Amino acid sequence: MRQETKCIEGGYTPKNGEPRMIPIYQSTTFKYDTSEDMGKLFDLEASGYFYTRLQNPTNDLVAAKICELEGGSAGMLTSSGQAANFFAVFNIAGAGDHVVASTAIYGGTYNLFNVTMRRMGIDFTFVEPDCTDEELEAAFKPNTKAVFGETIANPALTVFDIERFANAAHQHGVPLIVDNTFATPINCRPFEFGADIVTHSTTKYMDGHDATVGGALIDSGKFDWMAHADKFPGLCTPDESYHGITYVEKFGNEAAYITKATAQLMRDLGSIPSPMNCYMLNLGLESLAVRMQRHCENAQKVAEFLQANPNVEYVTYPGLPGDVSYELAQKYLPNGSCGVISFGVKGGRAAAEQFMKHLKLAIIATHVADAHTCVLHPASATHRQLSDEELIACGVKPDMVRLSVGIENVDDIIEDLSQALSSI
Ligand SMILES: *Cc1c(COP(=O)(O)O)cnc(C)c1O
């Protein structure tokens, strides 16, 4: 099946007389005839459901669809994108370990790594996505367990050179984890460029309608854990909390990583999405391919309009020739990047505030990447406590507006931006 077809048909094929839509298994527990039957599930000797904190059939059908879209071997859903990125790293790195991450990542992920996971004893080295080979090489340590980056960074909108970072990771015997939230598997499939694990905040384009917070964790099944068994004892040596199972031996490279994340992390941390939310996520996935196409078409036109507007200082969008990421976007995102654009309003912070005040269609929201066009002026919202100097120091320009182009008629979006810009 092609991607558009997988969006509709992937993950679930009803048998004779079964419901067309995925059923919502709104049940915490599952019934068994004998204790022996249930015992086999607890021993991971048989697969099946017993308690929704670990696994739920509705969730698994939707995870299977995303896994097919990414071309992976196994996948799971989490209650948020934050949980997915935490699981992705914590499944293979613990206290005393180290991870190399790109600086161009979502602020929430940066904080998760740099504050919370450091507190858990995991060390991080952050490298610029366009660092030299020497700088990248120098970031690795003997205890490095993974490399992490974002296909299209939120909000920097730089494109990650997946192949280059995958090669570096593999030379050091560790996997590359890629957060593919903004590109979605419609526009980029990181596994095709050597990534080993993909994460998503499904809250964004996958849900696409401002309805549900969620995350996904997908394994390519290609990383050879046993070849680097000394680095990954959690996968390659017996798990005493599961009767001495060795995940790679028992489940193979295809399923070991996700089985461990389910059996240990979901069991102990319980970041499970509700079956109802997964059902709604599935509705979003059905139209993902057509929506992404429209998001990209609209964003390209809006970016070109902004570039030509006299009240606009600069525009950042990977689809614009001359953009810092244009070349990489041609390679990794030939069918389009995403609907998010950032631009500067001439006249600085005050002018940007004036512009925001005059918008009528575009709503002001901290959210991005869904059907509704929305805008955020970080200097007067998320970063409002900072002075202009402090803003510049942390890479957020006072005049910068982040615009998430929706799937309304593009002429309405442009008219709205145009009248608000001319109010300055
Ligand atoms: C939003 C976002 C996250 C966090 O996801 P939540 O679902 O909000 O927890 C992680 N990565 C990227 C790229 C995001 O845009």
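Which residue in β3 is the bridge partner of Val 99? In the predicted model described here, that position is taken by Phe 124. The bridge belongs to the pairing of strand β2 (residues 98-102) with β3, which runs in the parallel sense over five bridges.

Both strands are part of an open sheet of seven strands, arranged in the order β1-β7-β6-β5-β4-β2-β3 with mixed pairing. Helix α7 lies across β3, β4 and β5 (176-179), and its direction makes an angle of about 150° with that of β5.

A second open sheet consists of five strands in the order β8-β9-β12-β11-β10, and its pairing is likewise mixed. Here the edge strands are β8 (312-316) and β10 (363-364), each of which pairs on one side only. Within the sheet, strand β9 (residues 340-345) is joined to strand β12 (residues 400-404) in the antiparallel sense, over five bridges. In this pairing Gly 344 is found opposite Met 400 of β12. Helix α14 (residues 348-358) packs on the five-stranded sheet, where it touches β9, β10, β11 (374-376) and β12. The direction of α14 makes about 125° with that of β9.

The ligand is surrounded by 16 residues, of which Asn 154, Asp 179, Ser 201, Thr 203 and Lys 204 are the closest. A polar side-chain atom of Lys 204 lies 2.6 Å from an oxygen atom of the ligand, and a polar side-chain atom of Asn 154 lies 2.9 Å from a ligand oxygen atom. For Asp 179, an N or O atom of the side chain is 2.7 Å from a nitrogen atom of the ligand. On its own the ligand has 380 Å² of accessible area, and the protein covers 92% of this.

Pro 155 is placed in the loop between β4 (144-150) and α7 (162-171). A further backbone feature concerns Leu 44, which has a positive phi of about 60° although it is not a glycine. Leu 44 lies in the loop between α2 (35-42) and α3 (57-70).

Val 213 is situated in the loop between β6 and β7 (215-219). With residues up to four places away in sequence left out, Val 213 touches Ser 79, Ser 80, Thr 203 and Asn 277; Thr 203 is also listed among the residues closest to the ligand. The C-alpha atoms of Val 213 and Thr 78 are separated by 9.3 Å, while the two residues are 135 residues apart along the chain.

The count of aromatic pairs in the model comes to 17. One of them is formed by Phe 193 and Tyr 332 and is edge-to-face, with 4.7 Å centre to centre and 70° between the planes. This pair links distant parts of the chain, the two residues being 139 residues apart. Phe 193 belongs to the loop between α8 (184-187) and β6 (197-201), whereas Tyr 332 belongs to helix α13 (residues 326-332).

Technical notes: Residues are numbered from 1 along each chain as its sequence is written. This is a predicted model: local features need pLDDT of at least 70, side-chain atom pairs count only at pLDDT 80 or more; totals for chains, interfaces and linings use all residues. Side-chain values use heavy atoms; hydrogens and water are left out. Two strands pair if DSSP finds at least two bridges between them. Helices (H or I, at least four residues) and strands (E, at least two) are DSSP runs, numbered from the N terminus. Contact means heavy atoms within 4.5 Å. Axes are lines fitted to C-alpha atoms, for helices over the stretch in contact, and angles run from 0 to 180 degrees between N-to-C directions. A residue is near a molecule or strand if one of its heavy atoms lies within 4 Å of it. A polar contact is a pair of N or O atoms within 3.5 Å; within protein, one must be able to donate a hydrogen and the other to accept it, and residues adjacent in sequence count only if both atoms are side-chain atoms. Accessible areas come from the Shrake-Rupley method with a 1.4 Å probe; for residues, only the protein chains shown count as cover. Rings of Phe, Tyr and Trp (its six-membered ring) pair if their centres lie within 6.5 Å; planes under 30 degrees apart count as stacked, over 60 as edge-to-face and the rest as tilted.
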